[in-house]
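Reader: I'd like a close look at one part of this model, the place where the two chains meet, and then a tour of the side-chain pairings elsewhere. Could you walk me through it in one go?

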Amino acid sequence: MVVDDHVMVAEGTVLLLATDPGIAVVGTAKNGQECISEVKAKKPDVVLLDINLPDICGIDLVDKLKEINPEIKIIMLTGQNPQEYITVSLDKGAQGFLLKDCSKNEMTQAIFTVNQGNVYFSQSMGIFLRSAVISKQENAEREQIEGLLGRTLTGREQEIMNFVAKGLHNKEIAAQLGIKTRTVDFHVSNILLKFGVSSRLEAVLSWTQGDKK
Amino acid sequence: MTNTDPYGEGYKLGITAGDRVISIDGISTEQFPSVKRWSEVEGANYIELESSTGTKKELILPKPGITETLSEELPMSLLGLSFWLVGFITWVKRPFLVQARSLYWLNWAVGMAIFLASASSRDFILARELEAFFFSLVPSLLVNFISVFPKVRKNTLNTLSIKLLSCVTGLVLISSLLKVVGLLWITNELRSLMLIGAIVGSLIALWNLIELILLPDHKPEKNQAIIVLIGLAVGLLPFAIFTAIPIVVNEIPVLNPRISALFVASVPIIWGYVIVNKYLPDGKRLLELMLIYSFAGLIAAGFLSYLLVVLRIRNSLNLGVYLLMLLIAMLMFLLLNLIELAVHRITGKVVFTTQQEFRKKVDELNESLASINEEKMVSQIVNELDLEGVLLIAEDDQGWYLQTAAGRFLEDLKEQELLESVYFKAKNRVETAEFMPADCPAEVFVKFHSESFLCGIFLGHRCSHVKFQNWELPELTALCNQVAQRVKASHDISRLSRDINGMAISILETQQKSHGLRNINKSLFRTLEEGKKALAREIHDGPLQLGLDVSRRLKQLSEDLAVHPEKNDTLLTMIDLIEDLNYELRSVCTSLRPSSLNDLGLISAVEAMCQQIMLKELLVISLEVQSVARDRRFTEECELGAYRFLQEGLNNVIKHSGASRVEVGIELFEGNLGLLIRDSGKGFDVTKIDDWVVSGTHFGIIGMRERIKGLGGDFSIQSKLNQGVTLQARIPIK
């Protein structure tokens, strides 16, 4: 089932999923109320749940859905930075997180993974997961994260690190290197993962110490 | 016969000085015991004389009848009695005063002496001796009295003289007794001794009096001494001037000694009065009065005597005539004054009442000046005192000026101007009240000056065209002063009430403004928040959703077109673009109004904010949360206010402090949410904050303060240059 208050998004998602033979969309809902009634009626296996619903926060809905069917699998959908929501969602029992602009493949993969009882997180959520991981100690995620830890920086990353150490903001670095701000952000979050730190300053300190070595 | 009394019968019958007395009443002169002792005889009926030329004479002096004797002797006896009586009354009235007692004994002695003087001529047994004894007693008692009057002043002089005079008395007593027994025969020496004693006593008494009179004015003794002196003068001077002096100059005494002796009675009366009464009339003024009358009498007497000579009533201008005239003049003065006083008293109540009427008018006016309105007051004066007009000018040193007129001056402006110019000229003169010159339309000008207030009142002429008198001026001045004080009071009161009103109004305005400003602030913040919320929602609902959708479709398209790779790069570019768009839109939404604040609560939102900052800036944030559960929710207003406070504070740290570390604290205590942001960066001058309020710069911090206060909380900034900044806020939880 797809739950989203934006009609176009919901319909779009339905269309996308319709192409996959393994998935059958049993219903849609625009708000918490509808969602509950539909879930009761249609009894889906997996629910794609938008965090931003008009009448209720998606996370609170997780509780209610679990009441109805404890076996139900829930994947949270978000168009915004999900950082704050991750821990809470996992606490409540959500199985996965997806950004709304993910590809169809990712979405289908997520549904299948979750249906099998695993958790799924969108690729671009690496950095957000670290704090969640620390509190949850889920091995799978840890592997995902710690895979990056201790790795040496790529050339690009080193370039960026130089600028960061000089105190430039991401926007400025992007302008300097002629790339997108978003790209720089991505690199920076990877860098932080590699250093195993959660703040830019610590990264700079590690970088300068590393330099001295 | 050494002396003759011109009034005596003997003189009338032909005895002259120089005659030798052969026998009295048939008895040889020498046989008389009184002749032996005192060389005096009194009460003779039949005298044999031998004149200096040798002729023998016989005189039969008629024995005077009872009434005659009585009329002759009574005055002196009465005098003696009165002395004693006055002394007795004084003692009764003031039994505890030592002065009263002393006066009593003095008066007793004098009274006895006088009484015995008349008795001694009757040749009573021991009368002369007793008379002598009492006569010598008087001086010592006199000095004794003076030494205790008005205050006990027994200094060496006084005590010594008292002892001396007592010795004299003792001597006299002893010698008199011896005389009686027949052992001693000195007479003249005794007499001289008594006289010397009397003179010494008088001189010492006089000396004491003079000492008292020379005291400074404020001592009561001075006044008492002056009145005593007046008593002495009134008692003794008539005798001295009108009886003694003529005798000394061998003239006929102007005043019968018996009558002038009666004046002496005034001495004990006045002295007794001084002792009995504590509060006395003004001695100096009485003295002045007496001197004036005496001078007037002297001059009038001289004039009258001259007149007499000119009119040939008397032949020559000699002392006797003059003194007679003096006596007549003084008596006339006295009589006239008494008559005038009596008539004034009687008719003053009924017929001639101008003085009283004027005083009554002024009193009534004083009472009825009830209003504080200047115009009413001046017109009241015009009416009550029956004046042509009144002009009042008042001013103070702050530029206030008042001019009020009534009566004639109200209509005639020229006269007002004239009086104004007089006022300005008179301002600097010293006099407070003066009569105006004749050409001035006003008659009296009274000036009142107090602190910085100056008031001048012109009183016009009386309607009856009767001029004001000098004695009326004090009352007019007092009246005008009262009016001026009223004017001053009303002026001060109106000024004060104006000031108070002004202050009350401005306080009210300030309060209203402040209240209004608070409300404006509240609305502004609310509007701001709603704006942000709306914007975030709009972006989220509109462009972001579109962007997400497009992104997804494009990705789909890309996968589909994997078969035809040549179309893919445009597509990939577009995908990139859209991803950027979405990314930026997301950032904008989050920074405007993070949805996690509503969904998950303050703590989660703050955590997310801190993590976000640490990614973007070279800053390490140490967040400490105490006594608050992570999912604890507060009111939206409160969470929003706290979030914005921390957001603004951290932004400031990033922008201004240059620090690399900051502490953020959230704590719940006693129903309040406490927030803290502390860094160790550049810091700033805290005193400049109020300048920011006025100039409207740095609205972030000021706005934060207003917002927190609007929530009913407190806000504080502590900072020193180069020692970092500590921001603290407390928001009450409802």
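Author: Here's the walk-through, starting at the interface and then moving on to salt bridges and rings.

Keep in mind that this is a predicted model.

Let's start with the contact between the chains. On one side 38 residues of chain A take part, and they are in contact with 36 residues of chain B. The area buried between chain A and chain B comes to about 3800 Å², with carbon and sulfur atoms giving 52% of that. Three residues stand out on the chain A side: Q80(A), D101(A) and R182(A) supply 19% of the area that chain A buries against chain B, more than any other three residues.

R182(A) comes up again when you look at charges. The rule finds one salt bridge across the interface of chain A and chain B. R182(A) is the chain A partner in a salt bridge with E579(B), at 3.7 Å, N to O. Polar contacts are there as well, with nine residue pairs across the interface of chain A and chain B, both residues being at pLDDT 80 or more.

Which helices make up the chain A side? α1 (7-18), α4, α5 (104-115), α10 (181-195) and α11 (200-212) of chain A each supply at least two residues of the side that touches chain B. Of these, α1(A) gives the most, with five residues. Sorted by type, the residues on the side of chain A that touches chain B are 15 nonpolar, 15 polar and eight charged.

Staying in chain A, take Q95(A), which sits in the loop between α4 (83-92) and β5 (96-99) of chain A. Buried or exposed, which is Q95(A)? Its relative accessible area is 14%, and the cut-off for buried is under 20%, so Q95(A) counts as buried. Leaving aside neighbours within four places in sequence, Q95(A) is in contact with K66(A), I72(A), K73(A), I74(A), V114(A), N118(A), V119(A) and Y120(A). Between Q95(A) and A110(A) there are 9.5 Å in space, C-alpha to C-alpha, and they are 15 residues apart in sequence.

In chain A, K30(A) forms one with E34(A), their closest N and O atoms being 3.9 Å apart. K30(A) is partly exposed, at 41% relative accessible area, and E34(A) is partly exposed too, at 30%.

In chain B, R495(B) pairs with D492(B), with 3.4 Å between the closest N and O atoms. Both lie in helix α17 of chain B, three residues apart, which is about one turn of the helix. R495(B) is partly exposed at 26%, and D492(B) is partly exposed at 23%.

E529(B) and R707(B) form another salt bridge, their closest N and O atoms being 2.8 Å apart. This pair links distant parts of the chain, since E529(B) is in helix α17 of chain B and R707(B) in helix α23 (residues 699-710) of chain B, 178 residues apart. E529(B) counts as buried at 5% relative accessibility, and R707(B) is buried as well, at 12%. These two also belong to a network of salt bridges that links E529(B), K533(B), R593(B), E636(B), R644(B) and R707(B).

Last, the rings. Over all chains, the structure holds 16 aromatic pairs. One of them joins F145(B) and W271(B): the ring centres are 5.3 Å apart and the planes are at 15°, so the pair is stacked. F145(B) lies in helix α5 (residues 127-148) of chain B and W271(B) in helix α10 (residues 266-276) of chain B, so the pair ties together parts that are 126 residues apart in sequence. F145(B) counts as buried, at 0% relative accessibility, and W271(B) is buried with 5%.

F358(B) and W471(B) pair up edge-to-face, 5.8 Å centre to centre with 90° between the planes. This pair links distant parts of the chain as well: F358(B) is in helix α13 (residues 354-368) of chain B, while W471(B) is in the loop between β9 (453-460) and α17 (473-560) of chain B, 113 residues away. F358(B) counts as buried at 6% relative accessibility, whereas W471(B) is partly exposed at 29%.

To finish the rings, one aromatic cluster is formed by W84(B), F88(B), W91(B), Y104(B), W105(B) and W108(B).

Definitions and conventions. Residues are numbered from 1 along each chain as its sequence is written. Chains are lettered from A and ligands numbered from 1 in the order in which they are written. This is a predicted model: local features need pLDDT of at least 70, side-chain atom pairs count only at pLDDT 80 or more; totals for chains, interfaces and linings use all residues. Side-chain values use heavy atoms; hydrogens and water are left out. Helices (H or I, at least four residues) and strands (E, at least two) are DSSP runs, numbered from the N terminus. Buried means under 20% relative accessible area, exposed over 50%, partly exposed in between (1.4 Å probe, protein chains only). Contact means heavy atoms within 4.5 Å. Buried area is the accessible area (1.4 Å probe) that two parts lose on being put together, summed over both. A salt bridge is a side-chain nitrogen of Lys or Arg within 4 Å of a carboxyl oxygen of Asp or Glu. A polar contact is a pair of N or O atoms within 3.5 Å; within protein, one must be able to donate a hydrogen and the other to accept it, and residues adjacent in sequence count only if both atoms are side-chain atoms. Ala, Val, Leu, Ile, Met, Phe, Trp, Tyr, Cys and Pro count as nonpolar, Asp, Glu, Lys and Arg as charged, and the others, Gly among them, as polar. Rings of Phe, Tyr and Trp (its six-membered ring) pair if their centres lie within 6.5 Å; planes under 30 degrees apart count as stacked, over 60 as edge-to-face and the rest as tilted.
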